[in-house]
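Work through the exercises below with the sequence and the model open side by side. Each task is followed by a solution in steps.

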Amino acid sequence: MMKPLDDVRVLDLSWFIAGAYGTGMLASFGAEVIMIEPVSGSLMQSVAQIDPGLEPLSSLVNHDKKSVALDFNTEKGRQILKALVEKSDVLVETYRPGVMARLGLDYATLREINPGLVYLSQTAYGQTGPRSQDVGYDAGVQATSGMQALREQPEVAPPVFADIVSSVYGAMGILFALWYRRTSGRGQYIDLSNNDAMFSQNYLSLLRIVWEGLPDIMISMSCHPPRCLLGCFRAKDGHVVNSFLQQEQWAGASKAMGEPRLLEDERFANIISRATNDEAACSMIEDWTSRHTRDEIVEAMSQTGTPCAKVLTREEIAEDPQLRSRGMLIEINDAHLGTVRVPGVPFKMSEIPAEVKTAAPRLGEHTVDTLVSLLGYSKAEVADLKRQGVVGY
Amino acid sequence: MAKALEGIVVLDNSLYEVGPRTTMFLADMGATVIKLEPPQGEFFRTYAKFFPTAERQISISNRNKKGMRLDLRKEKAKEIFLELVKKADIFVEAFRPGVAKELGMDYETLREINPRLIYLSVAIYGQTGPYHQVRGYDIIAQATGGMLAYYDPPPRTQFLPISDLTSPVYAALAVMLALHHREKTGKAQHIDLSCQDVMYATNFLATSYLCLKDRVSTSTLDCVAGVHPHGRYPRVLYGFYRTKDDNYVFVSPLKEEHWRRFVDVIGSAALKNADEYGSLLLRAVNSDEGAAVVAEWVAARTREEVKQAMDEAGVPCEPVVRPEELKDDPQLNARGMLVDVECGDLGRYKIPGIALKLSDTPGSIECPGPRLGEHTEEILTTLLGYSEEKIASLKQEGVL
């Protein structure tokens with residue numbers, strides 16, 4: 001079956017999740033993604049050295065990709081990379097701003113070789129601005145984009161988020177650029193800052209900015225509502241989340257819980273008074289939820305049409321019937337790694353089923369094949385390059 | 001300057017955030033996005049009854065769009081709608097599964113009218129599966145996508161509507177894939193996006209847990225896919241601390257060179273003990289004791305002082321920026337992430353800029369979100385070629 005990106009070749013110079021997650025999405029839709037990895041191995045290989053059991057982790061982002069091990073700190077290595085650029089459509093890199101220019105591999109240089117090249121630099125803070133040279137970790141970006149300050153426990157490192165979502169921005173940007181190239185014939189440079197992307201995802205802050213001057217209560221009610229209206233409650237066997245923002249949902253909750261006081265008590269008469277008396281309302285709600293199982297709660301709420309769901313644990317997600325039925329729990333059979341469990345693509349397209357087929361490649365698995373079939377090297381030449389440490393396999 | 005999506009017409013019949021933010025990405029790149037609203041307008045507009053400037057909220061996800069007010073319960077309005085469908089490349093809906101069919105605007109019906117129409121449906125659980133009819137909002141997708149499982153107990157309140165904000169990024173990507181596919185094959189298609197699927201796919205805890213369980217030791221699993229407070233990243237290597245001025249900082253001496261300088265800055269003999277902190281693995285194992293020393297050091301200094309000391313030593317460190325500080329943040333301002341707009345009685349205000357920086361087709365913010373029905377006549381004239389008389393008579397009949 002024809003796929004939308006089966007004529008697109010991507011050189012992926014990214015390290016771990018940032019960048020790589022986005023090119024993984026492109027690979028699912030037919031792009032030939034060639035990872036360019038250091039001959040000594042990338043971060044993933046060093047992680048697997050700590051514990052070989054960690055090796056399958058790479059497949060979460062590097063499924064359906066190829067691996068060429070290449071040292072482009074050497075002149076010969078750079079020549080090979082440039083030859084690959086000539087034959088490619090997209091290059092993705094995540095080095096600190098300035099590194100690619102120092103190696104003579106920046107956009108200005110590579111566009112001379114291939115004017116149609118789409119070149120994505122994805123870094124923590126982008127190529128410009130006072131933080132552009134900072135070492136950017138995922139949690140650092142969550143700190144500077146205003147996300148961490150919103151979490152209930154700002155002293156606890158947040159889960160990985162910025163690297164992943166920003167990478168989808170990157171994939172989107174690549175498709176915009178390829179779309180423009182279709183008619184213009186021109187490639188272009190994309191300067192993606194994870195911090196910019198996360199700021200764009202921080203709706204509370206965006207509201208605060210456009211609503212400057214309006215009462216704080218409006219801003220927090222719109223995005224950070226009190227727990228009694230939108231929150232998490234303890235059940236007998238775990239937790240549930242409720243969404244009681246609208247009047248009929250509040251009434252539905254009251255009915256489901258058999259708790260008429262939620263409606264009769266004037267402290268809960270409207271959305272503002274509920275917010276003001278959040279603690280009292282929450283203790284009433286939790287008094288009921290903690291005496292019931294999650295299934296009982298969800299069932300009772302659904303009887304009155306009130307949104308409510310179980311908080312799934314990581315173990316339960318693995319078994320969730322909805323995710324299973326949607327093809328989100330994929331098992332790849334890999335000759336070397338055995339069964340590797342990876343997530344599916346979170347949207348279904350009627351004409352182009354996304355495919356997650358092969359586990360992450362071994363380091364340099366496609367070095368010989370790529371150099372021989374794509375660049376016309378002989379096998380002896382590749383072996384010679386290996387002896388010189390320019391390539392690996 | 002050229003725009004990447006010039007000439008693409010998007011008909012957006014969705015409300016709230018997921019659909020509108022999807023089409024925002026397209027509008028930023030030059031697509032003509034027609035935002036359909038019912039006569040009373042988008043839900044957000046109701047705040048404007050209390051505070052007129054509250055309507056500025058529409059700018060966050062609807063800048064660069066054309067606003068059209070149409071009462072689709074009226075037969076003549078429905079005809080206009082179908083004429084718009086004929087001109088559109090992309091249609092977006094966010095009804096509960098099944099509702100679009102009841103309204104006569106499901107994929108099968110609209111593709112008959114326009115075989116080139118790419119049709120995007122966004123829903124909390126998608127269009128299929130055992131839960132697809134269950135009602136839900138953002139927090140429900142977070143809970144069922146495992147986003148609340150990072151902490152035990154889970155957070156008591158919503159941190160951000162991250163499902164509503166993340167799903168559109170994937171949805172816009174899907175739309176672009178469909179456009180590329182249509183260009184190659186001539187075939188349009190239906191895209192079925194589930195917010196729960198999105199939460200799961202972005203959820204590294206859940207996906208790495210599933211990938212690694214039964215393969216690594218419990219302590220390794222806890223480090224990669226752990227649930228706080230029993231597991232997750234060692235704080236002394238990758239941690240947050242409270243400062244003297246009630247702020248927080250992030251400090252991460254993960255690399256060997258950073259660690260050495262970090263230990264010098266903190267100046268604690270304990271952290272120099274090679275038996276306890278001589279390697280990455282030892283630092284991870286003894287993280288709690290080490291982090292307690294660091295926490296004490298940080299607590300005696302302001303956020304600014306900590307940042308300065310770490311910067312001077314070359315140790316990765318970032319301030320936890322409070323929401324109210326972002327507007328003046330030097331990095332975001334240097335990147336053009338805050339844009340001034342002016343809009344009639346809404347006055348002059350700032351709105352977020354375009355995150356994706358494309359060199360040749362950067363896109364631009366031409367106008368803030370449309371006022372209710374602001375472009376109804378313009379669209380009828382320019383896109384459908386209606387005459388003034390025809391528009392006047394539609395007005396008279398109460399269709400517009």
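The exercises concern a predicted model and go from whole chains to single residues.

**Exercise 1. Describe chain A and chain B by secondary structure, box, burial and contact range.**

Step 1. Secondary structure: chain A has 20 helices and 13 strands, and chain B has 19 helices and 12 strands.

Step 2. Along the principal axes, the C-alpha atoms of chain A fill a box of roughly 85 × 50 × 45 Å. For chain B the box is roughly 85 × 50 × 40 Å.

Step 3. In chain A, 57% of the 393 residues count as buried. In chain B, 54% of the 400 residues do.

Step 4. Take the contacts in chain A between residues at least 6 apart in sequence: 69% of them join residues at least 24 apart. In chain B, residues 24 or more positions apart account for 69% of the contacts with a separation of 6 or more.

**Exercise 2. Work out how H8(A) and H7(B) are arranged, and which residues make their contact.**

Step 1. Angles under 35 degrees count as roughly parallel, so H8(A) is roughly parallel to H7(B).

Step 2. The crossing of the two helices is left-handed.

Step 3. From H8(A), the residues in the contact are Val165(A), Val168(A), Tyr169(A), Ala171(A), Met172(A), Leu175(A), Phe176(A), Trp179(A) and Arg182(A). From H7(B), they are Thr166(B), Val169(B), Tyr170(B), Ala172(B), Leu173(B), Met176(B), Leu177(B), Leu179(B), His180(B) and Glu183(B).

Step 4. By class, this contact has 15 nonpolar, two polar and two charged residues.

**Exercise 3. Which residues touch the most other members of the largest nonpolar core, and what does Met172(A) contact?**

Step 1. The largest nonpolar core has 247 residues. Those touching the most other members are Met172(A), Leu26(B), Leu120(B), Leu173(B), Ala174(B) and Val175(B).

Step 2. Set aside the neighbours of Met172(A) within four places in sequence. Its contacts are then Phe25(B), Val169(B), Ala172(B), Leu173(B), Met176(B) and Leu356(B).

Step 3. Compare with Exercise 3: Met172(A), Val169(B), Ala172(B), Leu173(B) and Met176(B) are also among the residues of the contact of H8(A) with H7(B).

Step 4. As background, nonpolar side chains in soluble globular proteins tend to be buried together.

**Exercise 4. Find how H8(A) lies against H9(A).**

Step 1. H9 of chain A covers residues 194-201. The axes of H8(A) and H9(A) come within 9 Å and cross at roughly 95 degrees.

Step 2. Angles of 65 to 115 degrees count as roughly perpendicular, so H8(A) is roughly perpendicular to H9(A).

Step 3. Ala162(A), Asp163(A), Val165(A), Ser166(A) and Tyr169(A) of H8(A) meet Asn194(A), Ala197(A), Met198(A) and Gln201(A) of H9(A).

Step 4. These residues divide into five nonpolar, three polar and one charged.

**Exercise 5. Asp64(A) has a positive phi, and so does Asp246(B); is each buried or exposed?**

Step 1. Phi of Asp64(A) is about 60 degrees, although the residue is not a glycine. Asp64(A) sits in the loop between helix H3 (59-62) and strand E3 (65-70) of chain A.

Step 2. Asp64(A) has 25 other C-beta atoms within 10 Å. The cut-off for buried is 20 or more, so Asp64(A) is buried.

Step 3. Phi of Asp246(B) is near 60 degrees. Asp246(B) lies in the loop between E7 and strand E8 (248-251) of chain B.

Step 4. Asp246(B) has 9 C-beta neighbours inside 10 Å. The cut-off for exposed is 12 or fewer, so Asp246(B) counts as exposed.

Conventions. Residues numbered from 1 in each chain as written. Chains lettered and ligands numbered in written order. Predicted model: local features only at pLDDT ≥ 70, side-chain atom pairs only at ≥ 80, totals over all residues. Axes fitted to C-alpha atoms, helices over the stretch in contact; angles between N-to-C directions. Helix = DSSP H or I, 4+ residues; strand = E, 2+ residues; numbered from the N terminus. Parallel < 35°, antiparallel > 145°, perpendicular 65-115°, else oblique. Left-handed = near helix turned anticlockwise from the far one by under 90°. Contact = placed C-beta atoms within 7 Å. Nonpolar A, V, L, I, M, F, W, Y, C, P; charged D, E, K, R; others polar. Core = buried A, V, L, I, M, F, W, Y, C linked by C-beta atoms within 7 Å.
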